[in-house]
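Me: Hi! Could you walk me through this one? I'd like to start with how the strands go together.

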Amino acid sequence: MQATSYTYDPETRTGSVLLDDGTPVEFDAPAFDAGGLRLLRPGQRVRIEVAGEGADRRITLVTLQTF
């Protein structure tokens, strides 16, 4: 799934992305670490993997979108 980086805190390695429909979804440090990134800037296109549905949906991986 693709999304756009919205917020990122380098101290906690947490943040949020916007799905293509504008829905914000937060991610935690383990999801950020799983992608192997060192930094994330607002506006970057990212690839995410999610688990669960509805209120239980969570991001398990955040990495840069490559074409």
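Me: How many bridges join β1 to β2?
Reply: In this predicted model, six bridges join the two strands, and β1 and β2 run antiparallel. As one example of who faces whom, Thr4 stands opposite Leu18 of β2.

Me: And what's the strand order in the open sheet?
Reply: Five strands make up the sheet, ordered β3-β2-β1-β4-β5, with antiparallel pairing. β3 and β5 are the edge strands, each pairing on one side only. On average, neighbouring strands are turned by 40 degrees against each other, ignoring direction.

Me: Let's zoom in on Ser16. Buried or exposed?
Reply: Ser16 is buried, because its relative accessible area is 7%, and buried means under 20%. Ser16 sits in strand β2, which covers residues 14-19.

Me: What does its side chain have a polar contact with?
Reply: The side chain of Thr7, at 2.7 Å. Beyond its neighbours within four places in sequence, Ser16 is in contact with Ser5, Tyr6, Thr7, Val25, Glu26 and Phe27.

Me: Switching topic: which residues touch the most other members of the largest nonpolar core?
Reply: That core has 14 residues, and the ones touching the most other members are Val17, Phe27, Leu40, Val46, Ile48, Ile59 and Val62. At least two core residues come from each of β1 (2-9), β2, β3 (24-27), α1 (29-34), β4 (45-51) and β5 (58-64).

Me: Nice. What does Val17 touch?
Reply: Setting aside residues up to four places away in sequence, Val17 touches several, among them Ala3, Tyr6, Val25, Phe27, Val46, Ile48 and Ile59.

Technical notes
Residues numbered from 1 in each chain as written. Predicted model: local features only at pLDDT ≥ 70, side-chain atom pairs only at ≥ 80, totals over all residues. Heavy atoms only, no water. Helix = DSSP H or I, 4+ residues; strand = E, 2+ residues; numbered from the N terminus. Buried < 20%, exposed > 50% of the residue type's maximum accessible area, 1.4 Å probe, protein only. Polar contact = N/O pair within 3.5 Å; in protein donor to acceptor, adjacent residues only side chain to side chain. Contact = heavy atoms within 4.5 Å. Core = buried A, V, L, I, M, F, W, Y, C linked by side-chain atoms within 4.5 Å. Pairing = 2+ DSSP bridges. Axes fitted to C-alpha atoms, helices over the stretch in contact; angles between N-to-C directions.
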